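This report covers a salt bridge, the fold, a surface patch and a pocket. The sequence and structure are shown first.

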Amino acid sequence: MKKIFSSLLIILTTLCLAQAKPQYITNFTVKENLTQNGKLAIIAVDSLDKPMENINGTFVFNLNGFQQELAFHDGVAVVKHPLESSTFVFFKHKNQEKSVGKLYYIYKSDTGLKPVKIYGMLLLLIPAIILLIAYSFKRFLSTFVVLAILYFYFSYSKGLDLSKILESTFMTIKNLI
């Protein structure tokens, strides 16, 4: 009887310890793939921006509104399609707890890709400062025309969309609250 009880206890303990923890991506960063083939690598990181090498599996990301399943191995996933030119890319991942979204400008040169993160607060502060300067010099109309020309240039040639700007701004405000 003691042997059966101890065997059951060992089996139950082993089963409890063998249960896999669910894996979540709560933060990530974007870099160029190591092979420099024009593809981006998404790296799962913790709150201190240290890579989480224990992340393995398939996770769903939205890139500029297009849903892609990315296969993570040791915390790194490579986007399937290479970039042809410099562009804005909004990366969004939704897990069971919350969603994480980041806006990047990917600069493509002959030497490779350089992702530049665009912070949501800058999307609020820069136009506010420009409008404050324009108001103080009473040239609101000329400033508005310059901003409109810049917006249309980035919108049509680089892939920046008003919905991406607003979504990135709202996610930044939501994370502050």
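## Salt bridge

Lys 92 counts as partly exposed, at 24% relative accessibility; the term covers values between buried (under 20% relative accessible area) and exposed (over 50%), with a 1.4 Å probe and protein chains only. Glu 167 is also partly exposed, at 28%. These two residues form a salt bridge in which the closest N and O atoms are 2.8 Å apart. A salt bridge here is a side-chain nitrogen of Lys or Arg within 4 Å of a carboxyl oxygen of Asp or Glu. The pair links distant parts of the chain, 75 residues apart: Lys 92 is in strand β6 (residues 87–94) and Glu 167 in helix α4. A search of the whole structure finds 1 salt bridge.

## Model and fold

The model is predicted: local features need pLDDT of at least 70, side-chain atom pairs count only at pLDDT 80 or more, and totals for chains, interfaces and linings use all residues. Residues are numbered from 1 along each chain as its sequence is written, and side-chain values use heavy atoms, with hydrogens and water left out.

The protein has 4 helices and 8 strands, taken as DSSP runs (helices H or I, at least four residues; strands E, at least two) and numbered from the N terminus. Their order from the N terminus is α-β-β-β-β-β-β-β-β-α-α-α. Of the 177 residues, 31% are buried.

## Nonpolar surface patch

A nonpolar patch on the surface has about 1100 Å² of accessible area together, and its members include Met 121, Leu 125, Ile 133, Leu 166 and Phe 170. Patch residues have over 30% relative accessible area and no salt bridge; nonpolar side chains (Val, Leu, Ile, Met, Phe, Trp, Tyr) are joined within 5 Å, and like charges within 9 Å. Areas come from the Shrake-Rupley method with a 1.4 Å probe, and for residues only the protein chains shown count as cover.

Helices α2 (120–136) and α4 (162–176) each supply at least two residues of the patch. Ile 133 lies in α2 and is partly exposed, with a relative accessible area of 44%.

## Second largest pocket

The second largest pocket holds about 490 Å³ of space. Of its 20 lining residues, Asn 27, Gly 101, Lys 102, Lys 117 and Asn 175 are the closest to its centre. Two or more lining residues come from each of β1 (28–32), β7 (99–109), β8 (112–118) and α4. Strand β7 gives the largest share, 6 residues.

On a 1 Å grid over the protein atoms alone, a pocket is an open set of points where a 1.4 Å probe fits, with protein on both sides within 12 Å along at least five of seven lines; lining residues have an atom within 4 Å of a point. Points are joined across faces, edges and corners, and the volume is the space filled by probe spheres set on them.
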